[in-house]
Amino acid sequence: MARWSRSPLFWILCAATLFRLVGVTWGLPASDGWDDDGVAPRNFLVGMIKTYESGSYFAYPPLQMILLAILTSPAWIIALLKAHSLTQHDVIAEFIQVPYMTFFAVVARLVGVTMSVGTIFLIGKMAETIGGRRAGLCAAAVCAFNATLTYYGQVTNLDGPYLFWSALSLWGWMRAIAEREPRHMYWAALSAAAAVATKDQAYAVFLISVPLALLLWFVLDQWPRQNARALIPTLLLSTSGAALALLAIDGAITNPTGFAKRIAFLGGPAIQDYALYQNDWNGRLRLVKDMWVYFPRYYPAAAAWFGAIGASIHIVRSRDERSLFVSGLLPLLAIISFTVAFNFVALRTENRFLLPQSIFIAVYVGIAVDRLAFVSHPLIRYAARGLALTIAAIALYHCAGIDAAFIGDPRYDAERWLEVNVRPRDTIEAYGLNVYLPRFPDGAIVTRLDRKPLTARNPLPHVTESDQPFASIAARNPRFIVVSAFWVQDYLRQDIAEPNDGRAIQKVQRSVFEETGARYYFMALFAGKLPYRLAHRSTYASGFWPSVDTYESLAQTVFLFERVPLRRRRGRAARPFGDGWATSRRARPHGRGLRTFRRSGLGGHGDALGRAGGAAAATG
């Protein structure tokens with residue numbers, strides 16, 4: 001039997017891989033993906049081109065997109081050859097066909113799986129560097145049980161890839177310090193550049209951590225001071241070379257105007273429009289409190305105490321070995337660095353924005369498990385093992401819950417309902433981004449409306465894009481309406497009063513609230529004041545598995561409305577609504593409202609969606 005197959009690390013990585021293959025075909029085959037904020041299948045080629053096109057820019061840096069462009073080149077080369085012409089219209093029309101898009105999505109997700117499993121391997125190596133082989137195995141197992149990493153390990157978001165490069169870089173810096181080997185600085189610095197060239201927020205992992213670790217190394221250990229003549233040139237050469245490579249990859253050299261526009265975008269709307277906390281210390285204190293509250297998104301809460309114990313064990317055990325001591329502080333410094341340099345600046349705590357802290361704390365959890373579960377005192381040893389196994393079982397349950405949510409996505413149910421009830425040439429009106437919508441049956445006439453301008457949308461084959469007001473539905477008169485609860489929630493908000501607990505209302509939410517015509521339309525639709533009944537509600541039924549409610553495009557409810565024929569009461573005219581809709585009492589859903597849609601943060605407008613749910617139950 002091969003030596004690697006006898007390693008426990010190999011089987012940890014195999015198990016992690018299996019957990020990450022479930023979502024590879026999620027929502028496929030299709031002309032677009034369900035990965036909210038993912039770069040495939042649609043954006044990676046466009047993003048790569050815009051990075052280097054003079055004066056243009058893309059929201060994200062291009063390294064991962066370049067990698068995906070290389071790996072998918074057979075498909076897009078064939079698409080270029082089969083396009084009627086090389087005009088933009090004909091190229092797009094060919095590229096968005098289902099076979100190409102499905103291939104792009106699968107390749108990108110498999111790359112994400114590989115890099116996610118690579119991150120687990122690297123976390124194990126980081127712990128092994130400072131705590132030994134057994135601590136490395138424990139840390140890798142802990143990271144494999146990270147529920148949020150399980151999700152981001154099988155979608156095309158850039159969070160998984162940039163964390164792979166970040167972990168690789170930190171391991172390099174740890175080895176350079178612990179082993180007193182400056183040569184590791186070259187690949188550590190280049191990996192840091194690769195992380196930032198994958199997703200800009202990676203800068204926050206290194207901004208404070210690496211300089212502070214190097215400073216502590218020089219202060220606490222004699223070796224770097226004694227070898228400064230050889231060490232400092234290596235440090236300067238490696239960091240300057242990495243910085244130059246980053247500027248070249250990011251387009252700063254070949255497209256300085258576009259690069260400057262992207263930096264302005266990242267420092268402006270990309271941060272300011274989505275802040276969840278007030279820009280003061282009250283808001284930041286609330287953010288820190290929420291970081292603790294949200295820890296169970298990643299691991300069971302008890303794992304945090306193991307992390308604190310593991311960090312303490314390292315500090316006490318390694319303080320006499322100065323290089324090893326400083327090296328082992330790097331994961332902790334990276335946690336602090338990202339919190340201060342990104343979370344405190346962007347004022348956000350969504351799952352992906354606390355993911356770096358969650359993977360780096362696994363290093364210390366692994367050290368604690370290794371130390372406590374194999375201590376000589378039998379009572380402590382067996383208690384630690386029992387607690388660790390209990391935590392692992394709960395974490396495994398939550399990881400499996402992520403996979404169950406992929407398999408049971410409500411859009412599959414919505415698609416089955418549409419397939420049964422939509423006849424050829426029936427008209428469907430869909431709202432919002434493609435990532436929140438089901439696939440539509442062949443033969444239906446589908447129109448999609450969104451807040452985005454037409455030029456900024458991702459077109460779908462056989463779907464007409466419209467920029468008409470939502471409330472002008474009378475003129476369009478579709479038979480069916482399809483809307484995602486996550487997308488519509490801000491239109492149903494009753495007020496946007498600023499909280500007094502440090503949190504803030506996002507600017508994008510305020511912007512939606514100011515669209516009074518659209519808000520009144522959606523409130524009327526969900527309140528049953530339009531001639532549409534809620535024909536079907538597709539909701540994730542977790543059953544045995546834990547609920548999954550913190551991902552924008554996973555396990556989100558989909559509402560399917562159907563037009564109701566108008567009826568007039570004798571001697572009474574039907575009432576007009578908005579742009580000429582005539583409504584009658586029969587158009588209103590009835591039944592008691594369900595008040596269960598609180599999990600997506602709907603606040604005061606949960607009742608409208610609840611009444612819609614009650615109507616679905618009443619209309620059968």
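A crossing of two helices is left-handed if the near helix is turned anticlockwise from the far one by less than a right angle, and right-handed if clockwise. With that in hand, welcome to a predicted model, in which local features need pLDDT of at least 70, side-chain atom pairs count only at pLDDT 80 or more, and totals for chains, interfaces and linings use all residues. Residues are numbered from 1 along each chain as its sequence is written, and side-chain values use heavy atoms, leaving out hydrogens and water. Helices (H or I, at least four residues) and strands (E, at least two) are DSSP runs, numbered from the N terminus.

**The helix pair**

- Helix α9 (residues 159–178) makes a right-handed crossing with α20.
- The two helices, α9 and α20 (residues 355–373), pack at about 40°, and their axes lie 11 Å apart.
- The pair is therefore oblique.
- On the α9 side, Tyr162, Leu163, Ser166, Ala167 and Leu170 make the contact (heavy atoms within 4.5 Å), meeting Leu355, Pro356, Ile359 and Phe360 of α20.

**The strands**

- Strand β1 (residues 427–431) runs parallel to β2, and five bridges join them; two strands pair if DSSP finds at least two bridges between them.
- β2 also pairs in the parallel sense with β3 (residues 463–466), over four bridges.
- Arg448 of β2 stands opposite Ala430, and its bridge partner in β3 is Glu465.

Conventions. Axes fitted to C-alpha atoms, helices over the stretch in contact; angles between N-to-C directions. Parallel < 35°, antiparallel > 145°, perpendicular 65-115°, else oblique.
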